[in-house]
Amino acid sequence: MTASPAVSSLPDLPESGGRCAIHQPNLFPRLTTLAKLFAADYWIVLDDVQFTRRDYQHRARLGALDEPDRWQWLAVPTHLPHGRRTLIRDALIDDPGRARRRTAGMLRQHYGASPYWPALAHTLAPVLDAFGTGRTATVAEISTRALLGLLGWQGKILISSDLPSRPGRSQRLADLSAITGARAYVCGTGGSTYLDPAPFTAEGIAVLPFQPPATSIWSSGRSLSSLWALAALGPQEVAARMQRLASYHGLLAASA
């Protein structure tokens with residue numbers, strides 16, 4: 001495996017035998033993305049791949065509370081110090097103070113009228129504080145951590161740059177999964193289009209496709225930030241729907 005600077009002192013790893021999800025840090029992730037992570041026992045934050053402006057690493061669609069089809073982009077202005085070669089972990093926030101104020105204002109504007117806003121506001125406070133780091137990936141990662149915590153997720157989070165792996169897209173994902181002792185890799189619909197299962201098979205790791213339904217809250221959940229569902233239905237109801245989705249015969253799609 002290609003050695004990372006931390007190979008000689010690996011982080012505390014979870015107990016072997018769990019389900020692993022690997023995903024880039026997303027800002028207030030979409031409902032389907034959050035559901036995939038919720039269904040796993042641990043999430044490996046893929047922070048050492050190239051930043052992509054057209055992805056969700058620094059932006060999220062906020063659906064209006066009473067009309068989710070009416071949405072607005074929330075974006076964290078981001079500077080790439082190494083141009084297109086900049087890794088996600090190295091992306092910097094342009095004017096963090098201003099970005100923090102704008103983010104706080106848009107969140108309150110969209111969801112302040114929700115009966116669940118007090119709980120959401122409390123959960124989002126550490127996310128706003130993370131703007132002080134000046135790093136887009138930190139804000140995005142903490143936003144996902146915060147929402148998973150709000151839903152009662154008990155899993156463990158690891159960082160890909162702390163773990164050794166070999167090159168090759170599928171090989172690297174298999175290596176990252178294997179080092180955590182995973183018995184299964186939770187694969188979203190995007191990953192299934194390119195994933196080669198052979199490296200996983202060689203490690204004795206099953207690839208479990210995660211395909212949420214296309215109805216109810218899941219239809220808009222493929223594009224909108226999960227904040228809309230949390231504000232409209234409440235954390236308890238969203239967690240219950242995610243639990244049903246994850247528990248039905250080991251990650252097979254279930255209705256909610």
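**A parallel sheet and its surroundings**

Strand S2 (residues 42-45) pairs with S7 in the parallel sense over 4 bridges, where strands are DSSP runs of E with at least two residues, helices are runs of H or I with at least four residues, both numbered from the N terminus, and two strands pair if DSSP finds at least two bridges between them. Within this pairing, Ile44 stands opposite Leu158 in S7. This is a predicted model, in which local features need pLDDT of at least 70 and side-chain atom pairs count only at pLDDT 80 or more, while totals for chains, interfaces and linings use all residues. Residues are numbered from 1 along each chain as its sequence is written, and side-chain values use heavy atoms, with hydrogens and water left out.

The two strands belong to an open sheet of 5 strands in the order S7-S2-S1-S8-S9, with parallel pairing. Strand S7 (156-159) and strand S9 (206-209) stand at the edges, and because each has a single partner strand, one side of each is left without a neighbour in the sheet.

Helix H4 (residues 136-150) lies across S2 and S7, running at about 170° to S2; here contact means heavy atoms within 4.5 Å, and angles run from 0 to 180 degrees between N-to-C directions of axes fitted to C-alpha atoms, for helices over the stretch in contact.

In the loop between S1 and helix H1 (31-38) lies Phe28, whose phi is near 40°, a positive value in a residue other than glycine. Phe28 counts as buried because its relative accessibility is 2%, buried meaning under 20% relative accessible area, exposed over 50% and partly exposed in between, with a 1.4 Å probe and protein chains only.
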